6 protein chains.
Amino acid sequence: MWNKNIETFIGCESSFEEAEIVLFGAPFDSTTSYRPGTRFASRTMRAESFGLETYSPYQDKDLTGIHVFDGGDLELPFGNTERALNEIREAAQEIVDADKIPCMIGGEHLVTLGAVKAVFEKYPDLHVIHFDAHTDLRDDYLGESLSHATVIRRIWDLVGDHKIFQFGIRSGDRTEFNWAKEHTDLHKFNFEGLEQAVEACKGHPVYFTIDLDVMDPSAFPGTGTPEAGGVTFLELLTAIGKVGKLDIVGMDVNELSPIYDQSGASTAVACKVLRELLLAVNK
Amino acid sequence: MWNKNIETFIGCESSFEEAEIVLFGAPFDSTTSYRPGTRFASRTMRAESFGLETYSPYQDKDLTGIHVFDGGDLELPFGNTERALNEIREAAQEIVDADKIPCMIGGEHLVTLGAVKAVFEKYPDLHVIHFDAHTDLRDDYLGESLSHATVIRRIWDLVGDHKIFQFGIRSGDRTEFNWAKEHTDLHKFNFEGLEQAVEACKGHPVYFTIDLDVMDPSAFPGTGTPEAGGVTFLELLTAIGKVGKLDIVGMDVNELSPIYDQSGASTAVACKVLRELLLAVNK
Amino acid sequence: MWNKNIETFIGCESSFEEAEIVLFGAPFDSTTSYRPGTRFASRTMRAESFGLETYSPYQDKDLTGIHVFDGGDLELPFGNTERALNEIREAAQEIVDADKIPCMIGGEHLVTLGAVKAVFEKYPDLHVIHFDAHTDLRDDYLGESLSHATVIRRIWDLVGDHKIFQFGIRSGDRTEFNWAKEHTDLHKFNFEGLEQAVEACKGHPVYFTIDLDVMDPSAFPGTGTPEAGGVTFLELLTAIGKVGKLDIVGMDVNELSPIYDQSGASTAVACKVLRELLLAVNK
Amino acid sequence: MWNKNIETFIGCESSFEEAEIVLFGAPFDSTTSYRPGTRFASRTMRAESFGLETYSPYQDKDLTGIHVFDGGDLELPFGNTERALNEIREAAQEIVDADKIPCMIGGEHLVTLGAVKAVFEKYPDLHVIHFDAHTDLRDDYLGESLSHATVIRRIWDLVGDHKIFQFGIRSGDRTEFNWAKEHTDLHKFNFEGLEQAVEACKGHPVYFTIDLDVMDPSAFPGTGTPEAGGVTFLELLTAIGKVGKLDIVGMDVNELSPIYDQSGASTAVACKVLRELLLAVNK
Amino acid sequence: MWNKNIETFIGCESSFEEAEIVLFGAPFDSTTSYRPGTRFASRTMRAESFGLETYSPYQDKDLTGIHVFDGGDLELPFGNTERALNEIREAAQEIVDADKIPCMIGGEHLVTLGAVKAVFEKYPDLHVIHFDAHTDLRDDYLGESLSHATVIRRIWDLVGDHKIFQFGIRSGDRTEFNWAKEHTDLHKFNFEGLEQAVEACKGHPVYFTIDLDVMDPSAFPGTGTPEAGGVTFLELLTAIGKVGKLDIVGMDVNELSPIYDQSGASTAVACKVLRELLLAVNK
Amino acid sequence: MWNKNIETFIGCESSFEEAEIVLFGAPFDSTTSYRPGTRFASRTMRAESFGLETYSPYQDKDLTGIHVFDGGDLELPFGNTERALNEIREAAQEIVDADKIPCMIGGEHLVTLGAVKAVFEKYPDLHVIHFDAHTDLRDDYLGESLSHATVIRRIWDLVGDHKIFQFGIRSGDRTEFNWAKEHTDLHKFNFEGLEQAVEACKGHPVYFTIDLDVMDPSAFPGTGTPEAGGVTFLELLTAIGKVGKLDIVGMDVNELSPIYDQSGASTAVACKVLRELLLAVNK
């Protein structure tokens, strides 16, 4: 009767070997300039996923029918951004090397950079689909080049022009919006133009990064920088369904901050987004 | 000047004798498998209803113009589910026997079973309209046949096939959705098909049960198991208006959990739903 | 390096002299009959505005490009309503006398009366556009003529019939709605009819008062009396854009109650509404 | 079975006629200059008293063995301090006229003035025992003579020098402490000197007012202005036992602010203080 | 690198085989009559134990130096009290049968009955040391014989007179205190008399049950029924040190309710109590 | 009337030139390994100091009678620990160079290192008095040499053996306690031995660093890592009085985390500690 206490996101109970997707947490938020706390997202989602069904009536699929391994959380050093990103990259590397899809739970959005580096090494033609309220395109922020506010710019350093497709964006400074006009495919406010972006990504390897604050604060208040004017959960669901048809080689969900989620509704919606993402990407 | 301190839901100050509708609370949540707390819904709604107007600009009706008696809360034993349901049934029985409409405030959704039993005894042709995020159609849950997750199945044991109309459903396991195809009239996600259901119920006695989590967590986060993808308050209002035209012989609102409602907005919307329900059902 | 610690709403760093708009807080909530706490709105908004960008992608304008002075908060006596209103009036008077636009952060909605009195003295043809969930048209409330629930009625005492345009209203007693039919231009629930109202106000000086609870509690739960059935943030944004084209001579945003805003999302949306309002009104 | 829903503080179920003590709430906090919210104390204590036993193992007495009537809450106008105090005075007058002891639940501390006025009229030799963290001896506060910060000074206007005995005081301005040296019997920090004060009050009618913030914030954080360095619950209990032996003709407990009491522990201790006070005063 | 995600209370990483003590959670609170929520104690303590050191400067011992296995949480049916207790008993039985000491994390206090039954079967001379704010000696509660309020009475049914030693008790009804005079060794308010009790238990097998609400709410507010007047953390620590010298054959800590612990300080103190208990009992 | 909005800690309104003490905030918490949030301490204390009196009845001194300048908060880069510490050092340097005493509000405890470096440069004989629950003596933490858990060790790198006096320590690993035996003067649990330490520091320049978690969580729950078993507020006050008599050349208070302080009582006690510290150090 008595076994070790294994905790996974609900329905993600495959072994590493049989898994197609490998889930792991990257509890890091040291560069968060406003309200920290996303470091607790992965462990909270794991615990609260108990309130979620494994079955999706939207996709008529079930987490028990696919193969996901949950490797728990990385132990990252706080305050040393470079080292933390390296550790994320190495973790993702092992997953990519095993021909599996890394699915990371942030943490602040900067963690995406670590995972993208690992994926990009294998897939130099990497395209990136980015759902977010924020541009994240600053070249530096408070003098730092590695920051939650610069992460997509750093990814652009890797993948180059016209490989990054941004949706839902409604916050940033003017220079970022202007810069985007020449270098990324930025869509303000919602998912208008997503079909064309999906079309453009067909046949290419795609990294899919979801900053959960792309949702309106009414649906997702529990985040460091809630930005009014976002998309609904159902709009996000539909968009995930479209992107999920692409050749996803890496993905993440970011920026849940449980301390600002007294009702638990933000954690619950984050769990559901993750379930739908896993089911949509699974082939 | 000094009288006993009588507390009612706002505007529900009739005597039992003159009342058409009898309001009471069923503070029970012992089978809640995830986050308990709905036991405090009725007393919190009563206290916070002070922030609500008695007048509805939607229906142009006023609670002071109809006759509702508020009998306070039942004192239910925690941990003994069968006994608690019997006490609910007996309370509802007295109301039904007096030719009045019971309107119960849960509590977890299982309390509905107690009230339905009382109503069904008098109205063997009982039809049930069920708004909820969850199917509640399991045959047993964690080995228990009496559970918040089985309540509609237990009601089906009484009323039988094709008498139960479910709306807004977006969570359950696959077997429940499949079972529903043959035994109930289940509508996923929203109120599509409600007109036909109302048509089908015309001329029959109807029990109307509202699990408030049918609303999206953006409108109603303060509940044990918030499920993204629900209906808006205005959609619920419109639906209540349609159902309210039927021959309602019993009704309830369930699953507000005040402890998860730091802002009070969930309690406030629950109060407003109750006001609109009372006004819609009153003839 | 070491200077005094000046705190302003983000981007509102003009001197009084060069400013077109003068921002100030009126931290008063003594007549609030239900849940007090709006006295902390202005200082909380100032502190939390640090999480907001100065640039609006909606209007393609930036707070750093316009001239707003932030004068901090008035120090108002609690419990003496008349004196508090006088002090608000005097403060607004100085702004109006300097040919600037006062932009007040409440506080409960009654503070509007103080500012309107100052503005009305200079602009006897004053028209008022009022966004709110509540009618605020009672003649007295709990025996008091000066109350958050009577404020628009008191303003009507000044400006008279057919000068007040109300939108989003969904709570009040029947007599208020009836009274409005003859004296104000009241629009229930949303912004239907706003274009005509804007047309009617053209060429007249306009005071624009926004009770933030005009928004649905899903978007703005952090307020004393949340009223389900309100407008979305984007609907409010569009409406502000339309009204902002008028000749605004005074304005305010009211009724944020930070203590009921555990996630901070209500404060964040209030800050964004204020940013958009400042940008829309600035010529 | 179905009766009106009567809510009392636990064990306070006597009729007005048979009662020796009459409990009532004075939900007023309009002059609170810092954090309002005490208006909700009485109704919250009534609801949460359900978690308390009626039996005191400290005094070996039981609330079911004494006679207390709970008259509910007064309906007070917010924002009009003078009128509110008059209504409190009238309510207390009726109790005093019936030869019963008024026991008021505040509200901010200013409500005490209303009750003391009623009691003083009958007992011109009134002595006052005052437990508090704050001096409350300002002559005016923000220009107002009626304020939570002036209440004991206003009572001194009535009863005069050397009739007021203050304990636990640890906050005020220097002029207040100096003024007290000539006019009241002020004891800093704790209950040192209480025996002598009790001795001095013997044979005189005594009004006993407890600002619950006399307790240390560790025991009682849920108040508007928590002041570190206070007494423990057990020290307060012992002190109540000593004062309770006097000829108490009126009493109150004040300044619980439920909104700052997330754990409920402050409300629970307030309920227990009230139980012990009722049992100690009862003869 | 990628292993399954094993979560234990900090420093409790032995295998079942090598362990002397077996830790497990019993997440059950269905009979809680006031505020439920203790079901989340064990998983929250496990997660938050990350903030605790394994080393105790009080005992100069380290969790890494003893052998504790953490078996995770039982999956208990809510609403069926008898079945839940049986499952707890069976789990404890397996531990006792393997000659190890069960250490259970509740849950409400009733869970103790399940564990005691298992232990008692092996040790018919079982003595019980009970730290609590509440007597828990009712014969039935709201008509139920199995309840958090009856648990020690039910244990008395097993072990008989003068085998139960109760400390810290300060809440109950008069009949319970009277009944205790003849049947248990009840010490009110604190640990006076503990040395004698320890003396009396020497040479006997002892079950040690700690209801954490024995601590004062200042130290431990996060519980369902906080009772002012309790012991400090350091007093509890000293008492645990004394009891830990006995022949402990089973033990538990109960009644942490994380939902009422916004600051996390109650969870932190519960974790530290558990650490000290494990270190004190380990030989 | 209309001036810029200057915000200071209450009573700290001197100019930089006339000030003896210069207050500033260091909002940094990037290396916090458990629960971040101390970055908001300084701004929250400034805002909430409005609830505090400037007069101390403990010391019979008043903040309005001494000279303190409040320079606001530094703008520190998150995620780059080295740069942040440099900026703190430079800020402190300017204060020390002007022959004033820096008084810093953290932030996590690591910020102390920046200020000590500045002070140490001027006073090579610097002694350090350290109140804390934690040893903070690790040589590295999670591989980082700059961390909240290593800060006192890094300070020892500067000042050397037997210059650091630690009090209240009750958490750390065994190696830290052992290391301290040879290198610092560490006192476990409370202030025993403080007189001797003060004696030893007489005639030397002293840096005084207070980690507020030296207080028991009952008095100060609002911190990242609450450690049961700490000192009371009054014990801390007495200790500050003793240390304040020394030649303090720099000081700080750290580790308030407002997000974990729902009641505000932790912020209030932090403000009072700061007031008493400023008054005690002022000559």
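Helices (H or I, at least four residues) and strands (E, at least two) are DSSP runs, numbered from the N terminus. In this predicted model, local features need pLDDT of at least 70, side-chain atom pairs count only at pLDDT 80 or more, and totals for chains, interfaces and linings use all residues. Residues are numbered from 1 along each chain as its sequence is written, chains are lettered from A in the order in which they are written, and side-chain values use heavy atoms, without hydrogens and water.

The loop between strand E5 (101–106) and helix H3 (111–122) of chain D contains Gly107(D). The peptide bond leading from Gly106(D) into Gly107(D) is cis, and its omega is near 10 degrees. In chain C, a cis peptide bond likewise links Gly106(C) to Gly107(C), with omega at about 15 degrees. Gly107(C) is placed in the loop that runs between strand E5 (101–106) and helix H3 (111–122) of chain C.

Most residues other than glycine have a negative phi. Asp99(F), which is not a glycine, has a positive phi of about 60 degrees. Asp99(F) sits in the loop between helix H2 (81–97) and strand E5 (101–106) of chain F. Its relative accessibility is 64%, so Asp99(F) counts as exposed (exposed means over 50% relative accessible area, buried under 20%, and partly exposed in between, with a 1.4 Å probe and protein chains only). Leu142(E) also has a positive phi, near 50 degrees. This leucine, Leu142(E), belongs to the loop between strand E6 (127–131) and helix H4 (151–159) of chain E, and Leu142(E) is partly exposed because its relative accessible area is 30%.

On chain A, Glu90(A), Glu94(A), Asp97(A) and Glu121(A) form a negative surface patch (residues with over 30% relative accessible area and no salt bridge, like charges being joined within 9 Å; a salt bridge is a side-chain nitrogen of Lys or Arg within 4 Å of a carboxyl oxygen of Asp or Glu). Helix H2 (residues 81–97) of chain A contributes the largest share of this patch, three residues. Asp97(A) is located in helix H2 of chain A, and Asp97(A) counts as exposed because its relative accessibility is 53%.

Finally, chain E is superposed on chain A by a rotation of 180 degrees with 0.0 Å of shift along its axis (RMSD 0.0 Å). That is the relation of a two-fold axis. The superposition is by least squares on the C-alpha atoms of residues with pLDDT of at least 70 in both copies. Within chain E, Ile6(E) comes closest to the rotation axis, at 2.2 Å (C-alpha).

Technical notes: Patches are made of residues with over 30% relative accessible area and no salt bridge: like charges are joined within 9 Å, nonpolar side chains (Val, Leu, Ile, Met, Phe, Trp, Tyr) within 5 Å. Accessible areas come from the Shrake-Rupley method with a 1.4 Å probe; for residues, only the protein chains shown count as cover. Lys and Arg count as positive and Asp and Glu as negative; His and the chain ends are not counted. The place of a charge is taken as NZ of Lys, CZ of Arg, CG of Asp or CD of Glu.
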